[in-house]
Amino acid sequence: MDETTPRMRNLFLQLGLDAGEQAIAGFIRGHQLPLETGIGEAPFWNAGQRQFLREKLASDDAWAIVVDQLNEALHEDASRARNPG
């Protein structure tokens, strides 16, 4: 059983990414997605990362909340462009 606390830092660790605060912010800034691209379909994930994200979203547990937060952050620019102001 995975006892890791679902937090953004731990999500990045689970994905095998740098989990430092600046690294997370840089990743989000550098990987913005169009609104029509879901987090599980983003081209920058490898197959394992994509599967992990999809499974966590489908599980509807505490990890789903953190994955959804990352999803929102990755769509922030597109959302802002659609709804300025």
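## Leu11 and its neighbours

Setting aside neighbours within four places in sequence, Leu11 is in contact with Phe52, Leu53, Trp63, Val66, Val67 and Leu70. Contact here means heavy atoms within 4.5 Å. The model is a predicted one, in which local features need pLDDT of at least 70 and side-chain atom pairs count only at pLDDT 80 or more, while totals for chains, interfaces and linings use all residues. Residues are numbered from 1 along each chain as its sequence is written, and side-chain values use heavy atoms, with hydrogens and water left out.

## The nonpolar core

Leu11 also belongs to the largest nonpolar core, which has 19 residues. Along with Ile39, Trp45, Leu53, Leu70 and Leu74, Leu11 is listed among the residues with the most contacts inside this core. Helices H1 (8-14), H2 (21-30), H3 (47-59) and H4 (62-74) are the elements that give two or more residues to this core. The largest share, 6 residues, comes from H4.

A nonpolar core is a set of buried Ala, Val, Leu, Ile, Met, Phe, Trp, Tyr and Cys residues joined through side-chain atoms within 4.5 Å. Buried means under 20% relative accessible area, exposed means over 50%, and partly exposed is in between (1.4 Å probe, protein chains only). Helices (H or I, at least four residues) and strands (E, at least two) are DSSP runs, numbered from the N terminus.

## Aromatic pairs

The structure holds 5 aromatic pairs.

## Salt bridges

How many salt bridges are there? The count comes to 3, where a salt bridge is a side-chain nitrogen of Lys or Arg within 4 Å of a carboxyl oxygen of Asp or Glu. One of them joins Arg54 and Glu41, whose closest N and O atoms are 3.5 Å apart. Arg54 lies in helix H3 and Glu41 in the loop between H2 and H3, so the pair ties together parts that are 13 residues apart in sequence. Arg54 is partly exposed, with a relative accessible area of 41%.

Let us turn to helix H5. Glu76 forms a salt bridge with Arg80, with the closest N and O atoms 2.4 Å apart. Because these two residues are 4 residues apart in helix H5, about one helical turn separates Glu76 from Arg80. Arg80 also meets Asp77 in a salt bridge (3.7 Å, N to O). Through shared partners, salt bridges join Glu76, Asp77 and Arg80 into one network. Each member is partly exposed: Glu76 has a relative accessible area of 39%, Arg80 has 47% and Asp77 has 41%.

## Two loop residues

Is His75 buried or exposed? His75 counts as buried, at 7% relative accessibility. This residue sits in the loop between H4 and helix H5 (76-82). Leaving aside neighbours within four places in sequence, His75 is in contact with Gln32, Leu33, Pro34, Leu35, Thr37, Gly38 and Ile39. Ile39 is also one of the residues with the most contacts inside the largest nonpolar core.

Asp60 is found in the loop between H3 and H4. Asp60 is exposed, with a relative accessible area of 68%. Its phi is near 55°, a positive value in a residue other than glycine. Most residues other than glycine have a negative phi.

## A residue in H2

Ala25 is part of helix H2 and is partly exposed, with a relative accessible area of 33%. Ala25 and Thr5 are 20 residues apart in sequence, and their C-alpha atoms are 20 Å apart in space.

Key. Phe/Tyr/Trp six-rings, centres within 6.5 Å; stacked < 30°, edge-to-face > 60°.
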